[in-house]
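Welcome! Open your viewer, and let's take a short walk through this structure together.

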Amino acid sequence: MDTPTVILVSAGEASGDRYAALLVDELRRRHPDFQFFGCAGTRLREAGVEPIVQGESLSVVGLVEVIHHIPRIYKEFLRLTAAAAQRRPQLAILTDSPDFHFRVAARLKKLGIPVVYLVAPQVWAWRQGRTKIMRRIIHRLLCIFPFEEEFFRTRGVEAVYIGHPLAGRVQPSLSKTDFLRKHSLPLDRPLLAILPGSRQGEAARHLPILMEVARKLRREAGVNCILPASATTGVEFFRQRIGDAPVKVIEGESWDAMAHSNVALAASGTVTVEGALLGAPMVTFYRVNALSWLLGRRLVKAPFLSMVNLIAGRMIVKEFMQDEMTADNLSDEVNRLLHPAAAAAMRVDLAEVAKRLSGDRDAILRAADEVDNVLDTVVGTR
C-alpha cells in the first residue's frame, strides 16, 4: 500500500485560517487520501486539519504588544516543529504570520521539507531585506495582490500571482430588506456597520472612540449602528463593553452588514478588502501601542496603510491612523459618505479595486495547482 501524502498546514490569523482552509478543502476534493496536521484555527479544524497548535494562540498584533506573548509563542513553535520532525510531511503550507512562519520555514528547510507560502508577507511595505531570507526558505510564494509577483521575482523569490481568495466568494446571504427585518432595524434610517477588528486586543483599543462615533451619529443624523462580532471575539465581549452606546451587536454576518449598510467603519486589514469586493463605502482606521506606532512608522515604506488604497495606487478610502483616529474625524467622513453622490463615487472606485483583485482563474484553484506542481516536480510523491 502506498504511503499517504502528509501535509503540514499552519495559519495564525483569522483571514489566513480561512484561506488555508479553502485550499485544504480543494486539495481534499482532488486527493481524498491526503492527511493534514499543523497550526489550525476554527476553519482549518473544520476542514479536517489535526491541530498540533491552536491557530488562535498566534493572533497578536503590534511590535511591542507581542513581547509579552513571546514565551508562549515559542513553545508553540517548538511543538509544531517537533511534530514536523517526527512526521516528516512531504510539503508544508504556511499562511500569513511571517514572524512565526519564517522561523518555522527555516526549521523545515533543515528537515528537507519544501514550503509553499500562501499570502505573501507585506515585506514590500516594510523590512524589505527579509526577501533575502525568503529566497532561502520558501520554495513557492503565492501572491494575492497583483503588484506583488514582480516585486518578489525581481528579488529572486519564486513568486506566483494567484488572485485574491475572496474574489468571487464575498457576497451577502440575505437581501437588504430581509437582513434589516431579521435584526429589527428600520428601513428608513441610514445604517452604519462598525467593524473594530477580529482580535480582542485591537477591538478593545478601538471601541471607546467607535462608541463615541455611534452616539454622535445617532444624535446628529439618526444613524443606526450594527456591529458584527467575529468568531475570535464573540458577541459577549462587545456587549460587556459598549455601555449605553446605541449599537446592535450580532453574531457574524459581517458581509451582510457591510453590503447593506450605507457606510462601514472598518479596522484596517482584510475586512477592507472584503468591503471593496462588496462595494461598501467605508472609512478605515487603526490604533496600536504608541511605541509600536513610533517604531513601525519608521520602517514602513508604503505610501498608504490601507490595502484598498495600495491596490488602487491612490487614496480611495480615508485612513485615520493612530492619533488621527478621533470621533470627530470618523464622524465627519461618515457624514460625507452618507450623501448619495459621495457614496456612488466611492463605489465606482471600489469596483476598480475589485476588478484588480480577480485573477484569470479562481485563486484557490490556482493555489491547489501550485501545490500539486511542487508535489510532482520537487517532492515526487505522486
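## Stop one: a pair of strands

This is a predicted model. Begin by selecting strand β8 (residues 191–195) and strand β9 (residues 224–229): the two run parallel and are joined by three bridges. To find one of the contacts between them, pick Ala-193, whose bridge partner in β9 is Ile-226.

## Stop two: the whole sheet

Now widen the selection to the open sheet, where six strands with parallel pairing follow the order β10-β9-β8-β11-β12-β13. Which strands are at the edges? They are β10 (247–251) and β13 (319–321), each of which pairs on one side only. Looking along the sheet, you will find neighbouring strands turned against each other by 20 degrees on average, ignoring direction.

## Stop three: a helix across the strands

## Stop four: two packed helices

The crossing of α8 past α14 is right-handed.

Finally, show the side chains where the helices meet. On α8, select Ile-209, Leu-210, Glu-212, Val-213, Lys-216, Leu-217, Glu-220 and Ala-221; facing them in α14 are Ala-327, Asp-328, Leu-330, Ser-331, Val-334 and Asn-335. Colour this contact by class and you will see eight nonpolar, two polar and four charged residues.

How values were computed: Residues numbered from 1 in each chain as written. Predicted model: local features only at pLDDT ≥ 70, side-chain atom pairs only at ≥ 80, totals over all residues. Heavy atoms only, no water. Left-handed = near helix turned anticlockwise from the far one by under 90°. Helix = DSSP H or I, 4+ residues; strand = E, 2+ residues; numbered from the N terminus. Contact = heavy atoms within 4.5 Å. Nonpolar A, V, L, I, M, F, W, Y, C, P; charged D, E, K, R; others polar. Pairing = 2+ DSSP bridges. Axes fitted to C-alpha atoms, helices over the stretch in contact; angles between N-to-C directions.
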